[in-house]
Amino acid sequence: MCIRDSKIYWAIVYGNPKPPQGSISCFIAKQIVGDNEQMVVVDQSHPAAQHSMSYYSTTDVAARRFAWVTLKPVTGRTHQLRVHMQQLGNPIIGDPRYQPDLAEHPLWPHKRLALHAETLGIVHPESGASLLFQAEWPQEFRDFRRRLKRKQ
């Protein structure tokens with residue numbers, strides 16, 4: 001496996017992605033929405049359009065209300081994963097910028113996105129050595145899963 005620029009993220013999203021795995025490919029650009037500057041899906045003819053692509057795979061679903069999804073960005077655009085999951089109709093929990101009406105939930109009382117960089121692979125700029133970094137799920141993810149299991 002080539003580690004160069006490999007990235008794998010975990011996200012907890014609203015709903016159950018359909019289909020459960022696939023790719024999201026669209027053009028995005030910065031735009032002012034309300035008081036925020038954010039990335040939005042645009043037509044490829046838009047003067048600031050940048051192609052973005054990610055792969056996703058649903059790994060677990062809880063009562064059809066939430067899903068655990070692994071995400072692998074192919075391109076590296078600002079807020080790409082957040083925009084892609086919103087575009088799919090399954091926004092990431094805790095996102096005050098892209099889904100403010102769903103940002104707070106009693107089972108997710110944290111002031112952060114339910115998005116976690118699990119695996120990051122890079123090539124050292126001087127030595128050329130492949131470096132792979134992995135991080136376990138944060139406690140918030142484990143607590144969320146435990147709270148959901150109690151509710152079922």
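Leu120 is partly exposed, with a relative accessible area of 32%; the term covers values between buried, under 20%, and exposed, over 50%, with a 1.4 Å probe and protein chains only. This comes from a predicted model, in which local features need pLDDT of at least 70, side-chain atom pairs count only at pLDDT 80 or more, and totals for chains, interfaces and linings use all residues. Residues are numbered from 1 along each chain as its sequence is written, and side-chain values use heavy atoms, without hydrogens and water.

Leu120 lies in strand S6, which spans residues 115–123. Together with Ile122 and Phe133, Leu120 makes a nonpolar surface patch of about 250 Å².

The chain has two helices and seven strands, where helices (H or I, at least four residues) and strands (E, at least two) are DSSP runs numbered from the N terminus. Along the sequence their pattern is β-β-β-β-β-α-β-β-α. The radius of gyration is 16 Å, close to the 15 Å that the globule rule gives for 152 residues, so the chain is as compact as a globular protein of that length. The radius is taken over C-alpha atoms, and the rule is 2.2 Å times the number of residues to the power 0.38.

Of the 152 residues, 40% are buried. The accessible surface of the chain, from the Shrake-Rupley method with a 1.4 Å probe, comes to about 8900 Å², and 50% of this belongs to carbon and sulfur atoms.

Methods: Patch = residues over 30% accessible without salt bridge, like charges linked within 9 Å, V, L, I, M, F, W, Y side chains within 5 Å. Salt bridge = Lys/Arg side-chain N within 4 Å of Asp/Glu carboxyl O.
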